Amino acid sequence: MKEKNKFLSKTPYRIKRYYGYVIATIIALTLPFITIGSHHMFLLSFDKKQLHLLGTAFDMQELYLMPFLLMLLFLGIFAATSLGGRAWCGWACPQTIFRVIFRDLIESKLLGLKRIKNKQKEPDWSKATNASKKVIAIIIWSCLSLLVASNFMWYFIPPEDFFNYISNPSEHMFLIGIVLTIAGFLIYDVVMLKEDFCIYVCPYSRVQSVLYDDDTYQAIYSTNRGGEIYNGDKEKIIFKAKDLPNPNNECTTCESCVTVCPTHIDIRKGLQLECINCLECVDACTTVMGKLGKPSLVQWSSTNAIKKDIPTKMIRKSTIMYAVALLLVVALLFVMGSKKEYMLLNINKTTQLYSIKEGNVVRNNFVLLFQNTEDKPLTYELEVVGNKDIEIKRFKPFTLNPGKLVKKVMVLETNKVLVNDLTKDTPLKVTLRAYAIEDPKRVSVLRQAVFIYPRADKLK
Ligand code: SF4
Ligand code: SF4
């Protein structure tokens, strides 16, 4: 058997991408099922009004972590773009994965409607067999769309509740409507909209070009080796290899890199918004040039390496800035996450400022809102911290079930003369500690309340 040369024996990027897609799909499908203790790895539950992150539950009032998570996401995508171009689009974006499943797996591999190497050629739709194959492809994708839509919902409704709800469809028509709407959009998107979604709808394609520099990795055609196929106005000037200006130019003008492109562009024209960095053109040219014993004319490389023959710098100003920003956000995320409180308590004063009882006893009333954010019933107690002159007159420990909220009235009282001011009432800060008797170290919060002490002439 003829041995493949070093260019042809390399694993194509397409196969590497498939591995990436399998891993991404497994993660997306299994993540909603992974729990640590009684909390999920990731869940944004509207139902329970909670964010679960790495097994810790954050209540809606604690969503101060969300901006950091969003910053992490955007900075991560920007950093990845600066380094590897639209690597996200070609290698991990659900839209690309869905299109590969529909176009390359179902239409091409399973039903033989198209060829992976020629995405431009449409089958002859006047043939009944092709039309029926298309219907079968849409039916298969519709079933998968329902799975994808359900999988999406599991990040907002825990799978255990989701299956419970849909086993009772008449009571959960809203949920079923959402799943069907998402599935319907996915069918339209993948079957009709196709890569136009990446080109016209996705905002990322618009911003990516400003994140590029000459060291960014991207699919890039070597005009030095292959020859200029387009002129300065981006008009195609070379159609046949014999017309190439320089006899050393290597492009065979076979157009394999063009027909394989899912976004229907010609990479020889230079960087284009439509390119999703799938690297199918690199694979295509590797096959063509590899047979001639030469490296591909289209490489996953940088402008510096291909056009200026200078090594690509991975560590440069922009990547250092992204790395610093990412580290900063991660550090902030940990700091903020470590400040998490395991119960919620809001303290509000009632409209009456104070009351004065027999013997110049001054009382202030407060309304306390407790929420048990843990997953077991807890009994809450309250104490004044560092102030012997003010004491809690009215508050009894009580038990609250998981997730429940309750309002309680608390009265603070003093029989001491705390201030002697004839001109005005005086606000005094009082620190209160609320805690769960079952776990006083962990489930414990400190809050400040303002105790209003009356003007001296109001006391007898
Ligand atoms: S030019 Fe087309 S085939 Fe090549 S990486 Fe871009 S999108 Fe993929
Ligand atoms: S696949 Fe390679 S040789 Fe063929 S047209 Fe594209 S760049 Fe030229």
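**Reading a predicted model, feature by feature**

Modeller: Let's start at a turn: Lys 49 takes a positive phi near 50 degrees in the hairpin of β3 and β4, where four residues lie between the strands. Strand labels like these are DSSP runs numbered from the N terminus (E for strands, at least two residues; H or I for helices, at least four). This is a predicted model, so local features need pLDDT of at least 70 and side-chain atom pairs pLDDT 80 or more, while totals for chains, interfaces and linings use all residues. Residues are numbered from 1 along each chain as its sequence is written, chains are lettered from A and ligands numbered from 1 in the order in which they are written, and side-chain values use heavy atoms, leaving out hydrogens and water.

Colleague: Which strands make up the open sheet of three strands, and in what order?

Modeller: Strands of a sheet pair through backbone hydrogen bonds, either parallel or antiparallel. Two strands count as paired if DSSP finds at least two bridges between them. In this open sheet the order is β3-β4-β5, with antiparallel pairing. The edges are β3 (42-45) and β5 (56-59); each has a single partner strand, so one side of each is left without a neighbour in the sheet. On average, neighbouring strands of this sheet are turned by 15 degrees against each other, direction ignored. The axes behind that angle are lines fitted to C-alpha atoms (for helices over the stretch in contact), with angles from 0 to 180 degrees between N-to-C directions.

Colleague: How many bridges join β3 and β4?

Modeller: Four bridges join β3 and β4 (residues 50-53) in the antiparallel sense. Within that pair, Leu 44 stands opposite Leu 51, and Phe 42 has Leu 53 as its bridge partner.

Colleague: What is the order of the open sheet of four strands?

Modeller: That order is β13-β11-β15-β16, again with antiparallel pairing. Here β13 (398-400) and β16 (444-453) are the edge strands, each with a single partner, so one side of each has no neighbour in the sheet. Strand β15 (residues 426-436) pairs with β16 over 10 bridges in the antiparallel sense, and one of the facing pairs is Pro 427 with Ile 452.

Colleague: Is Thr 414 buried or exposed?

Modeller: Burial is read from relative accessible area (buried under 20%, exposed over 50%, partly exposed in between, with a 1.4 Å probe on protein chains only). Thr 414 lies in β14 (residues 405-414) and is buried, with a relative accessible area of 1%. Val 362, in strand β10 (residues 361-371), is buried too, at 0% relative accessibility. Val 362 and Lys 458 are 96 residues apart in sequence, and their C-alpha atoms are 11 Å apart in space.

Colleague: Which residues come nearest to ligand 1?

Modeller: Of the 13 residues around ligand 1, the nearest are Cys 261, Cys 275, Cys 278, Leu 279 and Cys 281. By class, this shell has 10 nonpolar, two polar and one charged residues. Most residues other than glycine have a negative phi, and most peptide bonds are trans. Leu 279 has a positive phi of about 70 degrees although it is not a glycine. Leu 279 is found in the loop between α11 and α12 (280-291) and is buried, at 1% relative accessible area.

Colleague: Which residues are around ligand 2?

Modeller: They are Tyr 221, Cys 251, Thr 252, Thr 253, Cys 254, Glu 255, Ser 256, Cys 257, Arg 268 and Cys 285. Five of this shell are nonpolar, three polar and two charged. For these classes, Ala, Val, Leu, Ile, Met, Phe, Trp, Tyr, Cys and Pro count as nonpolar, Asp, Glu, Lys and Arg as charged, and the others, Gly among them, as polar. Glu 255 has a positive phi of about 70 degrees without being a glycine. Glu 255 lies in the loop between α10 (223-226) and α11 (256-259) and is partly exposed, at 22% relative accessibility.

Terms used:
A residue is near a molecule or strand if one of its heavy atoms lies within 4 Å of it.
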